[in-house]
Amino acid sequence: MKYTTAVFDLDGTITDSCPGILNSIRYALKKRGISEPEEGVLRSFIGPPLQQQFQRVFHLSEEEGAAMVSIYREYYGEKGIFENRVYDGVPEMLRQLKAAGIKVLMATSKPEKYAGQIAEHFGFDQYFDFIGGACMDGTRTVKHEVIEYVLETCGISEADRKNTVMIGDRRHDIEGAKQSGLHSLGVLYGYGSREELEHAGAEAIAETPADVAGQILG
């Protein structure tokens, strides 16, 4: 397969954002007087849309879930966003793809505002042709919706989709790719397991960023 476009997830695929996300969740829970669950439960928040995850895990209403997201952002927007690091080998991977003429895009369920700030802060914005994400008002958080927004914004036609691959670490990335008619590549260095990715229908699995580049470039 000759790919011409690569669409990347952010959390767990480009950066290890776990510390900032977990600290922001802890801040929100403490402020609302909700007991903190074990870390495995907290880590389940990395990847899925945040409001829905608050509602599901803590049995909250839609209104309560939205309120939790607002409190979460009090910490995340100031501190949590930078409690983060780029995975080793990712800059080299992105550089290699750009040098080969691949169009490099981002589709994340994180608000687009934050995604852009993170990319600029850590210096990998230079490799992306477009960085797309969710809206701050809680809309466009489902991965399929974000992917469609990115593809439309960047002029990726229906015909071009057969040469486009979505790269991510969670089932939401793989399922979103399938819904949008894209190929999918799951990564194991993030937060999802091989079992999760394969069960979601990932067409291929990469163990390292270098492996990602190798599979995309063939």
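Q: What makes β4 and strand β5 (residues 130–134) count as paired?
A: Two strands pair if DSSP finds at least two bridges between them. Here 4 bridges join β4 to β5, so the pair qualifies, and the two strands run parallel. In one of the bridges, L105 has F130 in β5 as its partner. A strand is a DSSP run of E, at least two residues long, and a helix is a run of H or I of at least four, both numbered from the N terminus. This is a predicted model, where local features need pLDDT of at least 70, side-chain atom pairs count only at pLDDT 80 or more, and totals for chains, interfaces and linings use all residues. Residues are numbered from 1 along each chain as its sequence is written, and side-chain values use heavy atoms, without hydrogens or water.

Q: Why is the unit of β4, helix α6 (residues 112–122) and β5 called right-handed?
A: With the strands pointing away from the viewer, a right-handed crossover runs clockwise from the first strand over the helix to the second. This β-α-β unit is right-handed, so its path runs clockwise in that view.

Q: Why is K110 called buried?
A: Buried means under 20% relative accessible area (1.4 Å probe, protein chains only). K110 has 7%, so it is buried. K110 lies in β4 (residues 103–111), where 8 of the 9 residues are buried. Its contacts (heavy atoms within 4.5 Å) include L10, I21 and Y76, leaving aside residues up to four places away in sequence.

Q: How do you know that the buried residues of α3 line one face of the helix?
A: In α3 (residues 50–58), the buried residues are L50, Q53, F54, V57 and F58. Seen down the axis of α3, they fall within an arc of 100 degrees, so they line one face; the arc is taken from the directions from the helix axis to the C-beta atoms. As background, an α-helix has 3.6 residues a turn, so residues three or four places apart point the same way.

Q: What do the buried residues of α3 pack against?
A: They pack against α1 (18–32), α2 (39–43) and α4 (62–76). Just after α3, H59 takes a positive phi of about 55 degrees.

Terms used. Buried means under 20% relative accessible area, exposed over 50%, partly exposed in between (1.4 Å probe, protein chains only).
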